[in-house]
Every structure is written in structure tokens, then in C-alpha cells.
Amino acid sequence: MALPAGLQAAIEQIAQHKGGKTGILVRSIEEGWIAGYRGASIFSQGSLRRLWLAVALLDAVDRGELALDQRVPTGSDAKSRRSTAPARQAQIGELLRSAVARNDPEAQDHILDGLTGPAGIARLLEEKGLAEVAYGPTNHDLDRSRARSASVP
């Protein structure tokens, strides 16, 4: 089916009004059209990071790999075998709520770590037919990675 009349012009008007480094991509799954403004450009994910994390987490719940009421270890001692203190725990559903509704980077990190990192999110997006979305490590992810490698003895 054809792109709805006026949609491309409306997208371009929104992008020009927004200014700065802007890209917009709209895809109709049912009708198969794609419209956009600088849609082939790669931009930082910014706050969209939490959307892709939620999609991946809920997909794992749908597949039965996780449950929203399941408790998982959190905090820096969750991955450290040297700590004798019991690991803090949180329900996956609460982590999701914190990650999405409160844009909590720590909750986002716990979810990302549990979902095989940025590569796991990128793989999910490709499997779901969202090839237009390029998910790679965000600046936050790169900073975490550098901090971890600096702290390894």
C-alpha cells in the first residue's frame, strides 16, 4: 500500500521544527511502507535505550525464560564471587518499572546485563524485523565497560 498522503511532508516539517541532529523513521508493519527524515542516519539511542530493553525483557518473559515476579541479584556484588555478603535482589517487574518509568540507569544496566548485553538487544531487534534500528553500545554502556576493565586486577 502507498504511503499516506501528506505523511512525508509532516515528518519533514516536524524534523525541521525540532532542529539539531534529528532523524525520524516511521514504518507501517501492516502496509509495508517506510517514511522518514534522515532515516538511514545513525544516532545515539538516548532515552530510547529503555524502550529496547523493555522489548527484550518482555520478549524473554513471553518465551518463558523469565517471570516478572522472579527475583534476581542486583548490585555490584551480584557478579562478584569475592563478596561474602548476600547479594541484593529485586523483582524483574520492579527493575522494568524502574528502568522505563523512572529512567533509572542502574536498573537498565541490570536488565541489559541479564539479556546478554547490547549484542543481545541488537539480535532481538533483527529477529523481530526491526533492521532499521541499529542498537549498539551507548555512551553509558561504553563508560561502564571501560570502568569494569579498569577495575579488574
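## Glutamine 108 in helix α4

Glutamine 108 has its place in helix α4; helices (H or I, at least four residues) and strands (E, at least two) are DSSP runs, numbered from the N terminus. The model is predicted, so that local features need pLDDT of at least 70 and side-chain atom pairs count only at pLDDT 80 or more, while totals for chains, interfaces and linings use all residues. Residues are numbered from 1 along each chain as its sequence is written, and side-chain values use heavy atoms, with hydrogens and water left out.

With a relative accessible area of 4%, glutamine 108 is buried; buried means under 20% relative accessible area, exposed over 50%, and partly exposed in between (1.4 Å probe, protein chains only). Leaving aside neighbours within four places in sequence, glutamine 108 is in contact with Arg49, Arg50, Leu53, Ala99 and Asn103, where contact means heavy atoms within 4.5 Å.

## Helix α2

Helix α2 covers residues 49-62, and its 14 residues should span 20 Å at 1.5 Å a residue; the end C-alpha atoms are 20 Å apart, which agrees. The expected span is 1.5 Å times one less than the number of residues.

The buried residues of α2 are Arg49, Trp52, Leu53, Ala54, Ala56, Leu57, Asp59 and Ala60. Glycine 64, with a positive phi near 80°, follows α2.

## Packing of α2 against α3

The axes of α2 and helix α3 (residues 92-101) come within 9 Å and cross at roughly 160°. Axes are lines fitted to C-alpha atoms, for helices over the stretch in contact, and angles run from 0 to 180 degrees between N-to-C directions. The two helices α2 and α3 are therefore roughly antiparallel, a class for angles over 145 degrees, with under 35 roughly parallel, 65 to 115 roughly perpendicular and the rest oblique.

From α2, Arg50, Ala54, Leu57 and Leu58 meet Ile92, Leu96, Ala99 and Val100 of α3. By class, this contact has seven nonpolar, no polar and one charged residues; Ala, Val, Leu, Ile, Met, Phe, Trp, Tyr, Cys and Pro count as nonpolar, Asp, Glu, Lys and Arg as charged, and the others, Gly among them, as polar.

## Two loop residues with positive phi

Arginine 38 is found in the loop between β2 (34-37) and α2. Its phi is near 55°, a positive value in a residue other than glycine, and at 37% relative accessibility arginine 38 counts as partly exposed.

Asparagine 103 lies in the loop between α3 and α4 (105-114). Asparagine 103 has a positive phi near 50° and is partly exposed, with a relative accessible area of 35%.
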